[in-house]
Every structure is written in C-alpha cells, then in structure tokens.
Amino acid sequence: MLFSSISFLFYFLAGLLAVYFILPFKIKVFKKKSGEYCYFEAKNFVLLIASLLFYFYGEPIYTILMVATVLVNYIAGLLIDKFRGTVGAKIALWASVIFSLGSLGFFKYSDFFITNINAVFRSEIKLLMIALPIGISFYTFQILSYTIDVYRGQAKVQKSFIRLATYVSLFPQLIAGPIVRYTTVEEELSERKHTFENFSYGVTRFVIGLSKKVLIADTLGGLSRALMASDDKSVAMYWLYAIAITIQLYFDFSGYSDMAIGLGRIFGFEFLENFNYPFISKRVAEFWRRWHMSLGSWFRDYVYIPLGGNRVSKLRWVFNTLAVWFLTGFWHGADWTFIFWGLMFAALLMMEKFFLDKLLSKIPAVFAHIYVIFMILISFVLFHANGMSGAIADIGSMFGAGGLPLWSKETGYYLSSYAFVLIFGIVGSTPIVKRTVLKIKEHKTGKLVIDILEPIFDIVMLLVVTAYFVDGSFSPFLYFRF
C-alpha cells in the first residue's frame, strides 16, 4: 500500500486514526495477587495490527518473515539480558546477527552471487528468482540496533513482545525508512503524549512530504523517462537527465521521510531527521552528514567505529573507509552499480581527507559547492543506471562520448516544458523556504498569519495531490526496491 494513494489516505489512515484516538493508551485488565493491576496497551496493539495489515496488503507471505525476525530477536534480547557478561550473551547476539543478516542476504543477494559465480566459473546454476521483501533492508537494520544496543548495555531489554513488534513493524517508516533506532523510541513505546500541537505538526509534515513526492518527484520521474526514450539525445540532455534524477531521488526519498516523521508525530513518536539540505554542502563528507542521516549514523556506530574508526593507522583507516562504503553501496542494491557508487564516495572521502580538503579551503566557497554538485550528479547517474554498461554509457554521454551533439531541439523542448518544476525543485532543496517561514514567524503578526494559512495549505495541497491520484499521475517510491 502506497502512502501516495487514495486507499491509504481515505480508507486505511482515516480508519486507523478514528480507532486509535478513541482508545486509551492502556486498559486495566485484571488485578494480580500482588495487588497491582495488569494493563493492556491498546494503542500499541492497534498500531501493531494496523502495521501488519499494511505490510500484508503488499507482501502477504513475507509478513511471516518479518514476524519471525521480531520473534527471533525478541528471544535473543531476553537471552542477552539473562546471560549478560557471559559467553551465552555473545551466542545470543551472534544468533540475532546471523539470522537477521542471513535473511537479508538470502532474499536480497542470492541471485547476485549466483550470477557472478556463473560469470566467473562458466557454471549454469539456476537463479532462485526470489522476490525481494519490501523494506527488509530497513527493518533488518532497525532490529539489529535493538539487540546490539541491549548487548552493549545502551538499551534495556524489551520484555513486551507487542512493544518490540510495534517498533519493528511500525508502518510509517517500515518500508522506506528512516532507520529508527530502538533507543530513539524506547520510552515512547511504553508511554507517549498525544497533543494537538504534535498532531497539527504531523499533518503538515505529512502533507509536505506527500506533495514533494507526488508533485515534484513523480513529475521529474516522467521527465527522466522521456529523456532516456528520446531519439534526439545530446550532451545537454544527459546533463538535464542527471539533474532531473538527482532532484527526483531527493524529493522522493526525503518526501517519504517527511511523511514517516509526520505520521510518527501524529501517533506520538518523534523520529529523528533523515535529511538536512544536502545540496548546500561544500564537501562530499558534509553531503553525507546531511543525506540519509539515519543510514550514515547506523554504519558509523555499528560498523565504522567497531572497526576502529579513524583512531587507527592511515592504512587501516583506508580499509575501514572502503569497507563501510562498500557495504553502504551494497546495502542499496544487489548490483555492481551500487557497489561502485559506494566505492566512488569512499575514494572522494579519502581524497578530501588526504589533500582535497586543504585545496577546497583555499578557493571561493562557490567553487567548492560546484565541485560537490558535480560529483553528486555523476554519482546519481551511476546509481540510477541499468547495469555497469549502462552507467559507463550514460556518464560517457555527459561528456560527448559517441559523437553526441552539444544541443538538440528536444533538449530545449523538455527544458522549457519542465523549467518551472526544475526551478521549484532546486529552490525547494535549499533552506530558503524554511528560513523565510521561520523569519516571518518571529513577529507576532507573521506567526498569526502562518498559523491561519497552515491548515488552508494542508487542505489545498491534499486536494491537489488527490487530483493527481485520480489522474493516475503517481508512481511507487524509488527506495522500495532497496
């Protein structure tokens, strides 16, 4: 079920909100012999059932896999806590890691390894052709954050299966992130506040994300497909394509994150931000501190730092960087394009570390910014390409390979036709709009105007987006394939 669909907005979400806010957080069930009452956490149970139904709607059979993952890691957490400080705790942790990563590896990477084995050894092993469970990359990392943090003593073991299952299956961020750490929502699983301010903020944040996805990302997705289908290609057209897919990917993924954060706030959860205007960066390292922050911090805390981080020899640091970025690329997909995409960033980060950062600090900031944008455009053409041969062809075409003309009539046509969306997307990817709104709200009158306009904005944008739904002008989120 897509967030950007009538069935989700006007049936699933509307019905869930009605049930969720009617019920109390806890219902007194019975009195124990000790005199204490036993409580049933109604809101968590409703969210759990709704989340399972949400996932079942799109992945019926793989709902069993997700529940099994929760059960295995729930038991692992209990065993880690019971045998803390002993070999038993380590065995339980490794069982959690092996089961979770083993499931991810089997479903996501089996055919990748078989294909490469066949290519190297000229064998004819049949592909398994297993469908990828939606969101497995996200919920696997989430559940691992739980067991690892329990083992480290950074999180308390969760003795309620319903709470842990609610955390893993929570539908707002289940299928495309952000990767929510258990420690982020640990307290909110047992007690959380529902206020009008949070509800209002959540609705507006959700509508903004939905609008970003449907009105900008999907529109630019149509542009990128039209450009690649053109018979009148040019160098400029490939650069236009690079800009289109980069902005599309940003608004698609950040739009989903906005929706997840907004829905989370509606239900009383405060998820951390996942994007912080990455395109204003002046270093590639800064870009990755602003882009998909939940993934970057996960690899930092659970892979990079355990390997030694940067508190090691230069040679070891190079290995650590290559390992993390190989895994980052491979996490995104079972294709060499993703691996080389990750290694490209590893190379750029090492170059910045050893000499490029000093050079960039001596030149005007605008040139440092151009350098980052240039590299990001190249990287996302690689990221979006159809295999390595397609990536080489697309990147080569950006520099005139194959004798492409610099300009073509179709390039001018598409540029003029999509100019407004492109400009709006570029401006919207900077903090200009947000800073302007915050500046206006500093004044009492301005704040009053914004407070009045905000619900009107929500209603108008929801109507516009609904019109796109009816027209059928929307598509699945790009990150569903990861």
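What is the volume of the second largest pocket? The second largest pocket has a volume of about 720 Å³. Before I continue, please note that this is a predicted model, in which local features need pLDDT of at least 70 and side-chain atom pairs count only at pLDDT 80 or more, while totals for chains, interfaces and linings use all residues. Residues are numbered from 1 along each chain as its sequence is written, and side-chain values use heavy atoms, with hydrogens and water left out.

A pocket here is an open set of points on a 1 Å grid over the protein atoms alone, where a 1.4 Å probe fits, with protein on both sides within 12 Å along at least five of seven lines; lining residues have an atom within 4 Å of a point. A volume is the space filled by probe spheres set on the points.

The second largest pocket is lined by 22 residues, and Ala285, Arg289, Tyr304, Trp325 and Leu349 are the closest to its centre. Helix α12 supplies the largest share of this lining, seven residues. Helices are DSSP runs of H or I with at least four residues, numbered from the N terminus.

I turn to the largest pocket, which holds about 1,400 Å³ of space. Its lining has 34 residues, and Ile208, Tyr277, Val433, Lys434 and Phe457 lie nearest the centre. Here α9 gives the most, with eight residues.

The structure holds 13 of them. In one, Asp258 and Lys212 meet at 2.7 Å, N to O. This pair links distant parts of the chain, since Asp258 belongs to helix α10 (residues 235–266) and Lys212 to helix α9 (residues 196–229), 46 residues apart. In another, Lys213 pairs with Asp252, and their closest N and O atoms are 3.0 Å apart. Lys213 lies in α9 and Asp252 in α10, so this bridge ties together parts that are 39 residues apart in sequence.

Are these two residues buried or exposed? Lys213 counts as buried because its relative accessibility is 0%, and Asp252 counts as buried at 1%. Buried means under 20% relative accessible area, exposed over 50%, and partly exposed in between, with a 1.4 Å probe and protein chains only.

By contrast, consider Glu442 and Lys439, whose side chains meet in a salt bridge at 3.9 Å, N to O. Glu442 is exposed because its relative accessible area is 56%, and Lys439 is exposed at 52%.

Technical notes:
A salt bridge is a side-chain nitrogen of Lys or Arg within 4 Å of a carboxyl oxygen of Asp or Glu. Helices (H or I, at least four residues) and strands (E, at least two) are DSSP runs, numbered from the N terminus.
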